[in-house]
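Dear colleague,

Please find below the structure that I am handing over to you, with its sequence. My notes on the ligand site and on one residue elsewhere follow it.

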Amino acid sequence: MKLFPFLGKKKYPLTVPQNQHSMTRRDIEHSVLDILGRLRRSGFQAHLVGGCVRDILLGKKPKDFDIVTNARPQQIKRLFRRCFLIGRRFRLAHVYISHDRFVEVATFRAAVDPEQVPPEGARFAANNVYGTIDEDALRRDFTVNGLYYNSADGSIIDYGGGLEDLRKKTLRSIGDPAQRFREDPVRIIRAARFCAQLGFSLSKRDHRAAIECAPLITQANAHRMLEELYKILRCGASAGTFVNLKKFGILKNWLPEIDPDRAPDLLARLAVVDRMRSEGKEIPVAVLLSALLYDLFDEAMGAKRGFQESFTMLHQRFTELVMRLRIPRKEWDSISNLVARQSSLERIPDPRKGKGFEKRFIRNAHFWNTLMFFEVRADAAGSHEAELKYWKERAARAREQEGGRPREEAGRPRKPRRRHRPQGSKPANQQN
Ligand code: ATP
Ligand code: MG
């Protein structure tokens, strides 16, 4: 990252011309440049904002690109052939750049006072919802997420000292942190993740506010929290995020069952997951959640554990937790299966007993998730090396014999069907 010599005479908003920062058009995907260009040629402003600007300035590859504009949703829709509007009150445009990827194009938001937001279902005027870029900036969470790249001239507009905070590796709320965290306590979880992901420290004032506001997390929407949990487990820095969540007082209010200081292998398992993610590996949700929750399951299953016994016990003991976290039934079924099957991988089957069990075990729908999670555990604990090698060889052989993947393999990403219209965001199976 370049240093920013002009920061001496801070005056916000600060516009930093193209030749004084390191982000260029080459950092931006062609299809994104096309969208920005079309918006501009139609007379609208078109900026990039958020994680993409932040990550490019830090020299990292951005995960996706978010566009903001003064065009209203219907105007955006008219400009692009493959464009769908989502959301009720605040409408967002998803502009498809391939059959399963889209770029989010949002109209600048107005700086609405949360107290004045009309109740759900009430009529509202568009002027209350959509605003100017200046208002939009005030709604953003952290200064480093409030940097705008103006596609018209390549300048960067910094509303709250984001450039200086990037240089200092500090995460800081825009405005009064206690007020921002009270408005939306999920921002504390985002802070924990960004600090771990970017190697940043939370500002002292934000840190105090986070601890003060952490109990409010119990009031946050449970579905949104589950999405945040998925983001954490996929972000490549989940171990560091959980350490931060404990430090900020969030863990005891969100997942009191989990304590990195009491679960010896938890952080090691998360570190293995993080390494796999940084190598670009897709990990099924069931494996990610098992990596997080395994200590609870392991303790409950005890030493002597057959599959059926363990499976039943997991359902008896943890259904309440699973419902509280809003883990979907399908994932819970997958988790309980792969966890209850772990003990079968912990030993090499006796060859005198025939290959019947082994064949059935490998052909089972849950085998691949079971093996992937066994690998996470074995790597984390530095144990079961021989067993892991054995099962991986058997699995590879079975794959060859079947001429590809075993018939009943489950939970692995499949090739999308060509004409399928995706439901999810960005790359369909990789939301944030
Ligand atoms: P990531 O790399 O995780 O995608 P991101 O900063 O792009 O990081 P997103 O969740 O994609 O995060 O959100 C995009 C932008 O929207 C953020 O950079 C921030 O400006 C704004 N934003 C998202 N969530 C919030 C929130 N809860 N409060 C305020 N602003 C938010
Ligand atoms: Mg993003």
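A polar contact is taken here as a pair of N or O atoms within 3.5 Å. Please note also that this is a predicted model.

By that definition, a nitrogen atom of ligand 1 has a polar backbone atom of aspartate 141 at 3.2 Å. On its own, ligand 1 has 590 Å² of accessible area, of which the protein covers 85%.

The shell around ligand 1 draws two or more residues from each of helix 2 (51–57), helix 8 (186–198) and helix 10 (222–234). Helix 8 provides the largest share, 4 residues. Of the 17 residues around the ligand, Lys63, Asp184, Arg187, Arg190 and Arg193 come nearest. By class, the shell comprises 12 charged, 4 polar and 1 nonpolar residues. Ligand 1 lies between domain 1 (9–168) and domain 2 (171–216 + 239–256), because both give residues to its shell.

I also examined isoleucine 156, which belongs to strand 8 (residues 156–158). Isoleucine 156 has a relative accessible area of 1% and is therefore buried, the cut-off being under 20%. Its contacts beyond four places in sequence include Leu14, Val16, Met23, Val53, Leu57 and Leu163. Threonine 15 is another of these contacts; isoleucine 156 and threonine 15 are 141 residues apart in sequence, yet 5.7 Å apart in space, C-alpha to C-alpha.

With kind regards

Methods: Residues are numbered from 1 along each chain as its sequence is written. Chains are lettered from A and ligands numbered from 1 in the order in which they are written. This is a predicted model: local features need pLDDT of at least 70, side-chain atom pairs count only at pLDDT 80 or more; totals for chains, interfaces and linings use all residues. Side-chain values use heavy atoms; hydrogens and water are left out. A residue is near a molecule or strand if one of its heavy atoms lies within 4 Å of it. A polar contact is a pair of N or O atoms within 3.5 Å; within protein, one must be able to donate a hydrogen and the other to accept it, and residues adjacent in sequence count only if both atoms are side-chain atoms. Accessible areas come from the Shrake-Rupley method with a 1.4 Å probe; for residues, only the protein chains shown count as cover. Ala, Val, Leu, Ile, Met, Phe, Trp, Tyr, Cys and Pro count as nonpolar, Asp, Glu, Lys and Arg as charged, and the others, Gly among them, as polar. Domain bounds come from an automatic or database domain assignment. Buried means under 20% relative accessible area, exposed over 50%, partly exposed in between (1.4 Å probe, protein chains only). Contact means heavy atoms within 4.5 Å.
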